Amino acid sequence: MNIQWYPGHMAKAKRQMIEKIKQIDVVIELVDSRIPSASRNPLVDEIASGKPRLLLLNKIDMADPAATAAWKSYHERRGLAVHLVNSQTGQGTSSIAGSVHQLTSQRRKKMEEKGFKPHPDRALILGIPNVGKSTLINRLAGKKIAKIGDRPGVTTAQQWIKVGKTMELLDTPGILWPKFDDPEVGLRLAATGAIKEELLDFQEIAFFLVQLMLQRYRNQLAERYHLSVLPELNRNDQDQEKIIGLFDAIGKSRGCLMSGGLVDYDRTAEIIVRDYRHQKLGCLTLELPAEKTI
Ligand code: G4P
């Protein structure tokens, strides 16, 4: 569910998150593998500071496997535990509880030294809307938990879900807002459908996608739209014209013509964006570690 975030919502969501995090041992941060940086909220570092953290790259079925591997090693080199998951099928999710258990070993040791029996590992799933938090909670719970409205600031009674023998998961995820301030980040979020459609200009998003594909995913672009020749981008003023030329070719190949035979750019752009979201263009990752925004 896409919602508008206003300063009041953000402040309330942050306060709620801080309260939730007090009750837990491990923060499980969920991001979208297609945009592993744009789908993070930098606030996580502040509010989860001091707690062990597990990073899950979700929707791996939709992302470029080579880019996903690059992101995994990028974070691992910085000491973060990372799992690659597909919450829809459950791929990669069975080892989450084990990793969480490893992350709590120090806490448990301390408790045992003091003569206490350690409680189960308490974890919370946290992320921006649409990254797959509810899908993952349902998957780990093994049943359908009521969909949590992504309404900032709405409080609901929360419960702990048992996952395996060692972990307890809070049934309501922590929801943070996406980052809107950087236009590049906005485009990446919009391309994947993570932000409200009315806020978007399809032409701008399609332009971004075509430009990226010309740089990195040329075969997929040529194949999908039956393009025999693709221009090379040279990072100069002519690039824009080359991309508009491609819009013309794609529009024609998809029959997006207006009276007089002119290409309907709005319809062409919408087709490109929907093709990306429905994976008709293949599994594309929209950012690499070198282009990360936070
Ligand atoms: P949220 O709680 O973080 O807001 O996200 P939610 O679980 O509602 O998931 C958002 C959309 O992403 C859902 O699709 C969900 O099925 C899909 N999704 C979650 N994890 C994965 C994954 O690993 N791979 C793929 N391919 N999709 C995933 P939807 O179309 O909005 O809803 P639905 O039609 O599936 O109900």
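Predicted model: local features only at pLDDT ≥ 70, side-chain atom pairs only at ≥ 80, totals over all residues.

Colleague: At what angle do the axes of helix α8 and helix α11 cross?
Modeller: Roughly 55 degrees, and the axes of α8 (residues 202-216) and α11 (residues 265-277) come within 8 Å. Helices here are DSSP runs of H or I, at least four residues, numbered from the N terminus. Axes are lines fitted to C-alpha atoms over the stretch in contact, with angles from 0 to 180 degrees between N-to-C directions.

Colleague: Which residues of α8 meet α11?
Modeller: Among them are Phe202, Ile205 and Leu209, with Tyr265, Ala269 and Tyr276 included on the α11 side. Contact means C-beta atoms, placed from the backbone, within 7 Å. By class, the contact has 10 nonpolar, one polar and two charged residues. Ala, Val, Leu, Ile, Met, Phe, Trp, Tyr, Cys and Pro count as nonpolar, Asp, Glu, Lys and Arg as charged, and the others, Gly among them, as polar.

Colleague: Switching to the ligand: how many residues surround the ligand?
Modeller: 16, the closest being Ser87, Gly132, Lys133, Ser134 and Thr135. The cut-off is a C-beta atom, placed from the backbone, within 6 Å of the molecule.

Colleague: Which helix gives the largest share of that shell?
Modeller: Helix α6 (residues 133-141), with three residues. The shell has three nonpolar, nine polar and four charged residues.

Definitions and conventions:
Residues numbered from 1 in each chain as written. Helix = DSSP H or I, 4+ residues; strand = E, 2+ residues; numbered from the N terminus. Contact = placed C-beta atoms within 7 Å.
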